[in-house]
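Please keep the sequence and the structure in view while reading.

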Amino acid sequence: LVFSFISLAFFREGLPILLFYIGIGISLIFFGVLVFEIQWIILASIVLGIIATWLFKKNGKSVHLPILVCIVFVVSAYGVDHMVENSLPKRHQDRLKVLSNPDEDPLGSGYQVMQSKIAIGSGGFWGKGFLQGTQTEYEFIPDQHTDFIFCTIGEEFGWLGSTFVLLLFLFFCYRLLYLSERQKSDFARIYGYCITAIFFSHIFINISMTIGVFPVVGIPLPFLSYGGSSLLGFTIMLFTLLNLDSHRALILAR
């Protein structure tokens with residue numbers, strides 16, 4: 001899942017943008033299969049394929065591309081349905097089912113997400129104050145100090161604090177892109193885009209799962225979640241880029 005975000009570097013280096021749209025379509029199909037019956041997903045893919053084929057033919061373009069994309073979407077829908085029903089362990093199936101129906105198992109597989117949403121929602125605009133959150137201080141959220149650390153921010157510092165943290169992360173990612181873009185060597189630029197994608201994927205997935213719009217996966221929030229290995233890994237990636245950036249003038253001189 002994290003590695004899929006590294007495609008950002010591929011598109012920066014010239015990968016056709018059409019593949020990006022196809023990837024978005026497959027992602028939508030993945031979540032659509034979790035919410036709707038597979039027959040409706042396949043029907044929608046076929047209808048959209050017919051419309052796209054007609055538009056391509058009307059404009060004098062080859063119809064092979066929309067037909068191929070339609071086939072890819074249909075096969076992806078079948079593949080996702082088979083994977084969810086037959087390949088994933090039951091605990092992973094429960095996490096996906098809870099995403100589409102949070103009230104299905106409120107005391108079991110849906111407990112963590114529901115308590116996290118309650119904590120974030122109860123923070124209101126200003127929050128309850130530092131160490132004043134009832135959901136977090138009384139440990140209604142299991143292991144909140146690791147993957148669910150953001151619900152602590154939402155409850156204790158509210159919408160204002162959560163927005164401030166998000167803005168800091170966005171500025172951090174923007175700064176990484178800025179450093180990557182000014183590199184003089186291809187390796188340094190590609191490396192910068194790759195670690196930017198890794199940081200962004202962790203931030204996006206972690207916060208999304210705490211507010212219930214993404215399945216629960218074991219992905220920490222960079223520099224906030226408790227854990228020595230993640231802190232060490234993120235620090236090494238970041239300071240490697242800073243080291244490459246500090247030597248970019250020497251690369252140019254060569």
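## Overall fold

Among the contacts in the protein between residues at least 6 apart in sequence, 66% join residues that are at least 24 apart. The model discussed here is a predicted one. Its secondary structure comes to eleven helices and zero strands, and from the N terminus on the elements accordingly read α-α-α-α-α-α-α-α-α-α-α.

Along the principal axes, the C-alpha trace of the protein spans about 65 × 60 × 35 Å. The protein has 254 residues, of which buried residues make up 38%.

## Nonpolar cores

The largest nonpolar core has 35 residues, and those with the most contacts inside this core are Leu 221 and Met 237. Helix H6 (111-122), helix H8 (149-181), H9 and helix H10 (228-246) are the elements that give two or more residues to this core, and the largest share, eleven residues, comes from H9. Once neighbours within four places in sequence are left aside, Leu 221 is in contact with Ile 149, Phe 150, Phe 169, Ile 203, Asn 206 and Ile 207.

Apart from this core lies another core, of 15 residues, which includes Ile 29, Leu 34, Ile 38 and Ala 77. As general background, nonpolar side chains in soluble globular proteins tend to be buried together.

## The largest pocket

How much space lies in the largest pocket? The volume comes to about 1,100 Å³, and of the 29 residues that line this pocket, the closest to its centre are Leu 1, Ser 4, Phe 5, Ser 27 and Phe 214. Helix H1 (7-12), helix H2 (17-35), helix H5 (90-100) and helix H9 (186-210) are the elements that give two or more residues to the lining.

Of the elements in question, H2 gives the most to the lining of the largest pocket, with eleven residues. Sorted by class, the lining of the largest pocket has 21 nonpolar, seven polar and one charged residues.

## The second largest pocket

The second largest pocket holds about 310 Å³ of space. Its lining is made up of 13 residues, and the closest of these to the centre of the pocket are Leu 48, Ala 52, Pro 66, Val 69 and Phe 73. At least two residues of this lining are supplied by each of H2, helix H3 (38-58) and helix H4 (64-87).

By class, the lining of the second largest pocket divides into eleven nonpolar, two polar and no charged residues.

## Cysteines

A search of the whole structure finds zero disulfides. Cys 70 has a relative accessible area of 14% and therefore counts as buried, the cut-off being under 20%. Cys 151 is likewise buried, because its relative accessible area is 0%.

## The loop between H8 and H9

Gln 183 is found in the loop between H8 and H9. Is this residue buried or exposed? Gln 183 is buried, because its relative accessible area is 6%. Not counting residues up to four places away in sequence, Gln 183 touches Ala 188, Arg 189, Leu 244, Asp 245 and Arg 248.

## The loop between H9 and H10

Gly 218 lies in the loop between H9 and H10, and with a relative accessible area of 63% this residue is exposed. The C-alpha atoms of Gly 218 and Asp 147 are separated by 6.5 Å, although the two residues are 71 residues apart along the chain. Phe 223 also lies in the loop between H9 and H10, and has a positive phi of about 65° although it is not a glycine. At 37% relative accessibility, Phe 223 counts as partly exposed.

Leu 224 has its place in the loop between H9 and H10, and counts as partly exposed at 37% relative accessibility. Leaving out residues up to four places away in sequence, Leu 224 touches Ile 149, Ile 153, Val 165 and Phe 169.

Technical notes:
Residues are numbered from 1 along each chain as its sequence is written. This is a predicted model: local features need pLDDT of at least 70, side-chain atom pairs count only at pLDDT 80 or more; totals for chains, interfaces and linings use all residues. Side-chain values use heavy atoms; hydrogens and water are left out. On a 1 Å grid over the protein atoms alone, a cavity is a set of points where a 1.4 Å probe fits but cannot get out, and a pocket is an open set with protein on both sides within 12 Å along at least five of seven lines; lining residues have an atom within 4 Å of a point. Grid points are joined across faces, edges and corners, and a volume is the space filled by probe spheres set on the points. Helices (H or I, at least four residues) and strands (E, at least two) are DSSP runs, numbered from the N terminus. Ala, Val, Leu, Ile, Met, Phe, Trp, Tyr, Cys and Pro count as nonpolar, Asp, Glu, Lys and Arg as charged, and the others, Gly among them, as polar. A nonpolar core is a set of buried Ala, Val, Leu, Ile, Met, Phe, Trp, Tyr and Cys residues joined through side-chain atoms within 4.5 Å. Buried means under 20% relative accessible area, exposed over 50%, partly exposed in between (1.4 Å probe, protein chains only). Contact means heavy atoms within 4.5 Å. A disulfide is a pair of cysteine sulfur atoms within 2.5 Å.
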